[in-house]
Amino acid sequence: MQAARSEVFRHMLSADDHCKAPAGDSFSLPELSHAELSLLLAFLYTGALDQDLPERHLHALLVAADKYDVPFLRRACEARLAASVEPRNALRTLEVADLSSSAVLRERAMDTVLEHAEQVVFSPEYEGFAVRNAALCVEITRALLAKMSTTTTSKSDPHHA
């Protein structure tokens, strides 16, 4: 049942001796807290997510959906997270989007960072984010410079627009 919603779980639980977890053994999902694992299992059985899940649980579920190939859960988490991106959570959302290879969420978070650059870059979270995500900071810097260049060109050349 639930394994049908994830190719990874289907292979782990299938009769294929090369991919199957050994009989009687268990497998763990150490990246998920007990609460997040319960949410994942509930989703796999029902196909639904609670409407009022905290952002941190949606982040964890998105990463798990990517890792364990649960496309419907991935889309559900992406949609909810994209709808709630704002300056206060844009960096964390960008981080999660990068971890889960979510282009949709990444674009939405990056747009928010660029739109509210001063508020985001001078926030208390930015320094820790920069230490953990040097490549993303390079992308932010380049995107900000490109945006500034476009704005400067538009203002100095009235025929450019």
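Predicted model: local features only at pLDDT ≥ 70, side-chain atom pairs only at ≥ 80, totals over all residues.

Me: Thanks. What about the length of helix H2, what should its residues span?

Reply: Helix H2 covers residues 34–46, which is 13 residues, and at 1.5 Å a residue they should span 18 Å. The C-alpha atoms at its ends are 18 Å apart, which agrees.

Me: Which residues of H2 are buried?

Reply: Those are Glu 36, Leu 39, Leu 40, Phe 43 and Leu 44. They sit on the same side of H2, because they cover an arc of only 135° around the axis. In general, an α-helix has 3.6 residues a turn, so residues three or four places apart point the same way.

Me: And which residues are exposed on the other side of H2?

Reply: On that other side, His 34 and Thr 46 are exposed.

Me: Let's zoom out. How many helices and strands does the protein have?

Reply: There are nine helices and zero strands. Read from the N terminus on, the elements go α-α-α-α-α-α-α-α-α.

Me: How much of the protein is buried?

Reply: Of the 161 residues, 37% are buried. The accessible surface is about 9800 Å², and carbon and sulfur atoms account for 57% of that surface. As for contacts between residues at least 6 apart in sequence, 58% of them join residues at least 24 apart.

Me: Which residues touch the most other members of the largest nonpolar core?

Reply: That core has 39 residues, and Leu 49, Leu 61, Leu 73, Phe 129 and Ile 140 touch the most other members. The elements that give two or more residues to this core are H2, H3, H4, H5, helix H6 (103–115), H7, H8 and helix H9 (134–156). H3 provides the largest share of this core, six residues.

Me: What does Leu 49 touch?

Reply: Leaving out residues up to four places away in sequence, Leu 49 touches Phe 43, Leu 58, Leu 61, Leu 73, Ala 76, Cys 77 and Arg 80.

Me: Switching to His 57: is it buried or exposed?

Reply: His 57 lies in helix H3. Its relative accessibility is 10%, so His 57 counts as buried, the cut-off being under 20%. Apart from neighbours within four places in sequence, His 57 is in contact with Ala 35, Glu 36 and Leu 39. Glu 36 and Leu 39 are also among the buried residues of H2.

Me: Where does Val 120 lie?

Reply: Val 120 is in helix H7, residues 117–121. Val 120 counts as buried, at 1% relative accessibility. Not counting residues up to four places away in sequence, Val 120 touches Pro 87, Leu 91, Val 113 and Tyr 126. The C-alpha atoms of Val 120 and Glu 86 are separated by 9.7 Å, and these two residues are 34 residues apart along the chain.

Me: How many salt bridges does a search of the whole structure find?

Reply: It finds nine. One of them joins the side chains of Glu 95 and Arg 132, at 2.7 Å from N to O. Glu 95 lies in helix H5 and Arg 132 in helix H8 (residues 124–132), so this pair ties together parts that are 37 residues apart in sequence.

Me: Of that pair, is Glu 95 buried or exposed?

Reply: Glu 95 is buried, with a relative accessible area of 8%.

Me: Last one: which residue does Arg 106 form a salt bridge with?

Reply: Its partner is Asp 98, and the closest N and O atoms are 2.6 Å apart. Asp 98 is partly exposed, with a relative accessible area of 37%.

How values were computed: Residues numbered from 1 in each chain as written. Heavy atoms only, no water. Salt bridge = Lys/Arg side-chain N within 4 Å of Asp/Glu carboxyl O. Helix = DSSP H or I, 4+ residues; strand = E, 2+ residues; numbered from the N terminus. Buried < 20%, exposed > 50% of the residue type's maximum accessible area, 1.4 Å probe, protein only. Expected span 1.5 Å × (residues − 1). Arc of directions from axis to C-beta. Contact = heavy atoms within 4.5 Å. Areas by Shrake-Rupley, 256 points an atom, 1.4 Å probe, with all protein chains shown as cover. Core = buried A, V, L, I, M, F, W, Y, C linked by side-chain atoms within 4.5 Å.
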